Amino acid sequence: MTDDFRAVVASNPDRAGVFLDFDGTVSEIVEMPSDARPVEGARAVLGELARRLAIVSIVSGRSAGQLLGWLGRDIEIWGLHGAEHVVEGRVELSDFVAPYADVMAEARAELEKRCAELGLPGVLVEDKAAIVGLHYRNAPVAEDAGVKLEAIATDVARARGLKMLPGRMVIEVKPPVEFSKADVVLRLASEHDLGAAAFLGDDVGDLRAFDALDELASRGVATVRVGVRSDESPPELLERADEVVDGPEATVAWLRSLLAD
Ligand SMILES: [Mg+2]
């Protein structure tokens with residue numbers, strides 16, 4: 001499988017694509033999310049590969065704007081699990097999310113107002129355009145804050161036909177459409193008529209992208225699932241991987257090896 005992928009990269013680079021997660025894959029995992037940065041050499045090798053292959057794309061849960069600042073315009077960037085992407089240096093909502101832009105702005109304003117009325121300290125309302133996040137990690141009694149925020153978010157989401165999703169110390173309100181890393185990979189693979197596709201990721205969310213590669217493989221695409229090992233990488237991801245690399249620096253070496261073939 002891996003050899004097939006490398007063969008396409010060598011003989012038909014314009015039909016090969018590489019997709020990557022960001023945190024833990026291209027960047028070390030950091031305590032403060034805003035401190036993340038691509039590891040040394042990552043940007044250069046990604047840029048060089050992007051000039052050679054059909055597509056090189058980061059597919060991350062982070063906002064596309066943040067990724068654009070760190071990675072520049074050489075590669076494709078899909079943020080918020082595909083809800084937004086970078087087009088000519090600007091962040092745009094994806095087609096399936098754009099119709100909800102106005103109602104999401106309304107929901108955000110209402111959530112800010114309701115949170116202020118509640119007067120909970122340590123709660124952060126994060127505006128990611130396609131998603132609004134209510135973070136309560138820093139609330140003095142986090143569990144209590146979580147219960148109250150979930151009630152508000154449920155109310156605001158229900159009144160507007162949106163979806164409420166509890167996460168780890170965060171509650172999200174988002175459009176009622178499904179989107180995931182798998183959708184991004186499948187769509188881009190078909191747009192670029194890929195004959196070979198690789199995905200590199202380190203976390204449980206990347207299993208969806210591995211699923212997408214399985215589907216591509218069933219259609220005859222040469223695929224490689226690369227698991228990036230960290231202290232936190234789930235065993236299932238490493239078990240399903242065709243190849244395992246040790247952390248973001250090894251990701252860079254793996255990418256360089258594609259240029260050497
Ligand atoms: Mg990750």
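I count two strands as paired if DSSP finds at least two bridges between them. Helices (H or I, at least four residues) and strands (E, at least two) are DSSP runs, numbered from the N terminus.

Some notes before I start. I number residues from 1 along each chain as its sequence is written. I'm looking at a predicted model, where local features need pLDDT of at least 70, side-chain atom pairs count only at pLDDT 80 or more, and totals for chains, interfaces and linings use all residues.

I looked up the strand order and got 5-4-3-2-1-10-11-12, an open sheet of 8 strands with mixed pairing. Strand 5 (90-93) and strand 12 (243-245) are the edges; each has a single partner strand, so one side of each lacks a neighbour in the sheet. On average, neighbouring strands here are turned by 25° against each other, direction ignored.

**Strands 10 and 11.** I checked strand 10 (residues 196-201) against strand 11 (residues 222-228): they run parallel, joined by 6 bridges. Gly201 has Gly227 in strand 11 as its bridge partner.

**Helix 1.** I found helix 1 (residues 2-11) lying across strand 1 (16-20), strand 10, strand 11 and strand 12, at about 110° to strand 11. Axes are lines fitted to C-alpha atoms, for helices over the stretch in contact, and angles run from 0 to 180 degrees between N-to-C directions. Contact means C-beta atoms, placed from the backbone, within 7 Å.

**Helices 4 and 5.** I see the axes of helix 4 (residues 101-118) and helix 5 (residues 142-159) come within 10 Å and cross at roughly 150°. Among the residues that meet are Leu111 in helix 4 and Ile152 in helix 5.

Methods:
Contact = placed C-beta atoms within 7 Å.
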